[in-house]
Amino acid sequence: MLLAKVAVVLTWGMLCLRAAECSDNTAGSVDYEAINCRKHTAFLTDFGGKGDGYTSNTEAFRRAISELSKFATDGGAQLIVPPGKWLTGPFNLTSNFTLYIHQDAVILASQDEAEWDLIPPLPSYGRGRDAAGPRFISLIFGTNLTDVVITGGNGTIDGQGQQWWTKFRQGQLTYTRPYLIEIMFSDHVQISNLTLINSPSWNVHPVYSSFVVIKGLTILAPTDSPNTDGIDPDSCSNTRIEDCFIVSGDDCIAVKSGWDEYGIAFGMPTQHLIIRRLTCISPDSAVIALGSEMSGGIQDVRAENITAISSESGVRIKTAIGRGAYVKDVFVKGMSLQTMKYTFWMTGDYGSHPDDHFDPKALPVIQGINFRDVISKNVTIAGKLVGIKDDTFSGICISNVSIELSEHAKKQPWNCSDIQGVSSQVSPQACALLPDQKIDCPYPSDTLPVDEIQFQTCAAATYC
């Protein structure tokens with residue numbers, strides 16, 4: 001087994017490569033752009049991996065990460081997945097670790113259900129999302145980690161989700177489908193420069209974590225594939241999502257924080273979230289959804305420079321009686337939307353519950369929702385903003401918005417009830433519950449801590 005010795009410079013727990021020593025028993029003569037490198041580096045082939053597309057590499061991944069975890073206190077370690085097709089079941093990551101997927105490498109998720117262990121449901125959900133009880137572990141999983149990086153030269157992770165989608169549609173699943181990447185109870189996480197395709201369900205799910213940066217992902221799934229959300233930050237604090245392109249069968253980004261009484265009891269909000277330069281195609285779902293599982297609360301969401309094509313709605317708030325908690329202090333500016341059903345959509349009767357034990361007196365607070373600088377073309381409905389009776393959605397602000405309705409648009413472009421707010425320079429004119437106040441809706445000017453995190457790119461390294 002090769003462990004290359006390198007000279008390094010530390011930057012926020014990630015190490016930049018200057019030089020490497022090579023030996024004759026390495027993975028071949030290949031030049032790699034090693035990004036976010038570590039003091040110790042190895043190839044999957046050093047642990048018996050075979051990139052032929054049909055040999056299982058589950059044990060190779062597990063052995064590699066187990067061995068490299070020994071270097072967590074000595075500069076950390078990096079596992080390189082070289083060119084090839086690497087079939088594998090799920091594996092767990094470790095701290096102070098980088099998984100680097102070469103641009104010509106494809107990780108293929110095993111279709112042998114026996115390889116997928118069961119783990120308990122999320123405590124803030126109380127049950128699996130597809131079925132009661134436990135759930136299948138995610139393909140790339142980690143819990144209680146610090147300083148973990150999943151990156152590459154735009155290498156590919158293929159979830160081979162078709163069989164899972166078929167079983168889901170036919171009601172043949174006993175347990176909840178796996179996700180492609182799930183990181184739990186962790187801090188300082190980077191997921192970047194990858195292509196994710198055909199996930200069995202959600203693609204990227206950071207949960208109960210902080211200081212998470214997700215950048216430069218391409219996420220692709222058939223637009224009729226069930227629940228293939230792109231990125232779902234869930235009960236996370238200080239998360240930054242940038243420069244992602246997502247085609248999805250569900251919401252491109254879904255912001256979550258737990259489900260009904262379980263989320264209320266767990267009480268961990270998603271807060272201080274930045275979303276920038278997102279491009280989304282999702283004909284049946286939202287570009288950015290807040291909820292519906294929002295029972296731990298959602299606060300301080302900042303989204304800007306959002307582009308969507310052929311999607312159902314721009315930003316959608318989804319909630320219901322029994323959710324409790326809040327969605328507040330949401331700021332969105334600079335959306336460019338083309339061919340949409342809704343530009344704005346808020347739903348107070350989303351309905352789905354984990355069981356019959358939710359509290360009907362647990363009403364969500366929806367407050368301080370701000371949209372500005374929006375251009376939306378070929379739209380069926382300008383806005384459908386429906387709150388909850390005796391639980392008004394308040395503090396809504398919409399300004400500087402131009403919406404061009406399609407030839408098939410509804411006669412009434414706005415549908416509003418149980419909401420309160422203001423509008424300014426909105427065309428077509430907003431509903432009467434959003435009177436014109438000639439105001440610019442706010443957008444924060446302060447800097448969040450997650451925005452201070454900078455990544456350094458390593459120089460090219462030759463692994464002989």
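Colleague: How much space lies in the largest cavity?

Modeller: Bear in mind that this is a predicted model. It holds two cavities of 30 Å³ or more. The space in the largest cavity comes to about 60 Å³.

Colleague: And how do the residues lining that largest cavity divide into nonpolar, polar and charged?

Modeller: The lining is made up of Leu122, Tyr125, Arg127, Gly128, Arg129, Arg135, Thr176, Tyr179 and Trp202. Sorted by type, these lining residues come out as four nonpolar, two polar and three charged.

Colleague: What about the largest pocket, which residues lie nearest its centre?

Modeller: That pocket has a volume of about 300 Å³. Its lining counts five nonpolar, five polar and 12 charged residues. Of the 22 lining residues, the ones nearest the centre are Arg129, Asn227, Asp229, Asp250 and Tyr350.

Colleague: Let's go to Asp260. Why does Asp260 count as buried?

Modeller: Asp260 sits in helix H3, which covers residues 260-266. Beyond its neighbours within four places in sequence, it is in contact with Ser295, Gly322, Arg323, His353, Pro354 and Phe358. The cut-off for buried is under 20% relative accessible area. Asp260 counts as buried because its relative accessible area is 0%.

Colleague: How many Å separate the C-alpha atoms of Asp260 and Asp355?

Modeller: Along the chain, Asp260 and Asp355 are 95 residues apart.

Colleague: What is the phi of Asp260, roughly?

Modeller: Most residues other than glycine have a negative phi. Asp260 is not a glycine, yet its phi is positive, at about 50 degrees.

Colleague: Now Asp147, which has a positive phi too. Is Asp147 buried or exposed?

Modeller: Asp147 is found in strand S14, residues 146-152, and its phi is near 55 degrees. Buried means under 20% relative accessible area. With a relative accessibility of 5%, Asp147 is therefore buried.

Colleague: Which residues does Ser235 contact, leaving aside its neighbours within four places in sequence?

Modeller: Ser235 lies in the loop between strand S19 (210-220) and strand S20 (237-247). Its relative accessibility is 2%, so it counts as buried. The contacts are Val207, Tyr208, Ser209, Lys256, Ser257, Gly258, Met268, Pro269 and Thr270.

Colleague: On to the backbone. What is omega for the peptide bond from Gly291 to Ser292?

Modeller: Most peptide bonds are trans. The one from Gly291 to Ser292 is cis, and Ser292 is found in the loop between strand S23 (286-290) and strand S24 (298-311). Omega for that bond is near 10 degrees.

Colleague: Where is Pro428 placed?

Modeller: The peptide bond from Ser427 to Pro428 is cis, with omega near -5 degrees. As for its place, Pro428 is in the loop between strand S30 (419-427) and strand S31 (461-463).

Colleague: Last topic, confidence. Over which residues does pLDDT stay under 50, with 122 contacts beyond four places in sequence?

Modeller: Mean pLDDT for the protein is 91, and 90% of its residues reach 70 or more. Where pLDDT is low, the predicted coordinates should not be read in detail. One stretch under 50 is 458-464, with 39 contacts beyond four places in sequence. The stretch with 122 such contacts is residues 1-36.

Note on methods: Residues numbered from 1 in each chain as written. Predicted model: local features only at pLDDT ≥ 70, side-chain atom pairs only at ≥ 80, totals over all residues. Heavy atoms only, no water. pLDDT = per-residue confidence, 0-100. Contact = heavy atoms within 4.5 Å. Helix = DSSP H or I, 4+ residues; strand = E, 2+ residues; numbered from the N terminus. Buried < 20%, exposed > 50% of the residue type's maximum accessible area, 1.4 Å probe, protein only. 1 Å grid on protein atoms, 1.4 Å probe; cavity = no way out; pocket = protein on both sides within 12 Å on 5 of 7 lines; lining within 4 Å. Points joined across faces, edges and corners; volume = space filled by probe spheres on them. Nonpolar A, V, L, I, M, F, W, Y, C, P; charged D, E, K, R; others polar.
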